[in-house]
Amino acid sequence: MADAESNETIDYLPESADSTQVVALQESLPGGETTEVILVYERDGGLTGADREAARAQVDGIAARYETAGEATAQGIPSADGTTEMYPVSIRGLAEQEERIEAVRDVRETVAEGLPDGLTVMVGGSGGLALDNDEVFSSVDGTLMMTTAAIVAILLILTYRSPMLWLLPLLGVGVAVMASRALVYGLVEMFDVTVNGMNLAVMSVLTFGAGTDYALLLVARYREELRRHERPFDAMLHAVRGCGPALLASAATVSAGLLCLMAADLNSTAGLGPVGVAGIVCSLLVMLTLLPALLVICGRRVFWPFIPAYGSEGTDAKRGYFARVGGSITRRPVAILAGGLALMGALALGNFAMPSTLNSEDSFVDTPESITAMEQLAEAYPDQSAQPIAVMARSDHADAVLDAAWATEGVADARTARSGDGWTEISVYAEGPPESDGEKATVETLREDLAALDGADAVVGGSTAQQMDLADTNADDRMLVIPLVLGAVLLILIALLRSVTAPVILLAAVVASWGAAMGLGGLLFSSVFGFEGIDQSMAVITFVFGVALGVDYGIFLMHRMREENLRGMDTRQAALTALRTTGGVIASAGIVLAATFAVLMSMPMVMMIEIGFIVAVGVLLDTFLVRTYIVTAASWLLGRRVWSPGPLSREPGADAGADAGARARAGAGAG
């Protein structure tokens, strides 16, 4: 999988943005993409002559080992207070990402040795940041898998209370994870799908969570059918027929939502679509083939010590928690529906407290060396950015572009870096600190000024320009992807439930739970977690997962309700029966899915923590509030109209449960 994974800068940028074009053009220049590092030498009492000689010797040593841009290493740039000196170093000639990462690692290890006492050195710049990102994802991949597997195993043991049964779903999930990784590798080879560390981490968690959910639903239905059928094979056949459509609809819903991400302009977001679908498809196939086969082979004894005997009745559900919830809904449906909606609305108000956009220096939980280096530069050089704004222009217009850059308001320095293949790279330094409002204004002005030069085809990139392009692209992606997800999910629900009203209720409910989860994040991210902002792509990603995964539980509930309707039960009683029979297994599934996404909160990246929190909270809200109270109360109040305009809404006597007899039966069931 390592061969398929790519964490290039361009993989995290919008496909059509100017800053992305800059990266692509840099890669086309002789030597491939330049690896920019900044060596930051610092001594509290001020640098000595010996310090400067040692720094110069180290920079010369780097130039001797690697192909570097001569101008960038000609001399150090001292700070006004004399405590800091920086050396921008551009390493060229390394075409592969792994080579560039290893070069920066070598530089970091080399410069840490042989310095005079009291002199410190840090390696920053885009190369240092890339190294720190690589180390984060490479260190958490195995840990993430093991932690997720352990949590799923514990929850399955607690759910089944059997020494053997939990092993079969866990084995199935493990097979699904391996199969999904193989499928992703094939997608990369055949279709050049973007796969990065973030996408693989999310796919692993998604496969564990969705696969376990499918297993829980299948095993629960299989347990029911074992009481009705003597042979395990017959019981499994009826179980697959009964819950198979719901599982297929669930997988189709999540897959459709994920595929909508492919419309996003942001490469990493678009790549998450097919990568996530690979996990869902493999989970579904394994849980509908391998798991049923294993369960049938093992027979009833796999449920020991709670073996479902043929001809016995499951009585727990009739007197359980969800039966009591159903009884309360029959007595106060309006109050419960209104209260649930009011709670969701109150939580959603937290969106107004959502922190601002997350900057690069705030994206790590523990500050790595590259960020510390950039913070030191911002303090030591308050009047000039320490990172360049990269400009690419036609070589025959390079002088005019350089002059225009010097004349741009907010520019402190500009110099030609390198040329090749008809293009020239120009490094521009702004007066404002990196990613500050001042530097962003300089980027905007620079783009306007250079666009006026006919024939130059100048494009402006660099770290700050990338952040600006990301903000614009994510805003556009939200306007495009969110309606696509809503439309795709709604069509699948209509096809499954043969209704319009029920799908609209389910969709509105899960959107409300996503908004409530986002609101809770807005209240806690700054005040409790201490985060300085939110990642710009978080809203789109969490919406897709929140809606597509959250609606699953509504699908399981409403599909069972429709099934009971078709068997002759009135609509309102069918709603209570569906809640009572699916409540326990859906609650278990929701807890498992929320727990697996919560594992992302153990990663040392703010973005992953935020995604894990929002999705986990949204799933729990869907499981214990939306599906249990809001959807069931709405179904009770609407009666057979919930299936409108489908044929079930016109069945005579479909609302027989509205009479007092239905209430009495519900009350008896709750007792």
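Helices (H or I, at least four residues) and strands (E, at least two) are DSSP runs, numbered from the N terminus. The model is predicted: local features need pLDDT of at least 70, side-chain atom pairs count only at pLDDT 80 or more, and totals for chains, interfaces and linings use all residues. Residues are numbered from 1 along each chain as its sequence is written, and side-chain values use heavy atoms, with hydrogens and water left out.

Select Arg161, in the loop between helix H4 (125-160) and helix H5 (167-191). Its phi is near 50 degrees, a positive value in a residue other than glycine.

Select Trp304 and Pro305 next: a cis peptide bond joins them, with omega about 10 degrees. Pro305 belongs to the loop between helix H8 (267-298) and helix H9 (321-331).

Proceed to helix H13 (437-451) and helix H14 (463-497), each of which supplies at least two residues of a negative patch. Select Glu444, Glu448, Asp449, Asp472 and Asp476, which gather in this patch on the surface. H13 gives the largest share, 3 residues, while Asp476 lies in helix H14.

Select Ser644 and Pro645, joined by a cis peptide bond with omega about 0 degrees. Pro645 is in the loop between helix H18 (606-638) and helix H19 (660-670).

Finally, colour the chain by pLDDT, the predictor's confidence in each residue, from 0 to 100. The chain average is 88, and 93% of the residues score at least 70. Over residues 656-671 pLDDT stays under 50, and the model has 23 contacts for them beyond four places in sequence, a contact being heavy atoms within 4.5 Å.

Conventions. Patches are made of residues with over 30% relative accessible area and no salt bridge: like charges are joined within 9 Å, nonpolar side chains (Val, Leu, Ile, Met, Phe, Trp, Tyr) within 5 Å. Accessible areas come from the Shrake-Rupley method with a 1.4 Å probe; for residues, only the protein chains shown count as cover. A salt bridge is a side-chain nitrogen of Lys or Arg within 4 Å of a carboxyl oxygen of Asp or Glu. Lys and Arg count as positive and Asp and Glu as negative; His and the chain ends are not counted. The place of a charge is taken as NZ of Lys, CZ of Arg, CG of Asp or CD of Glu.
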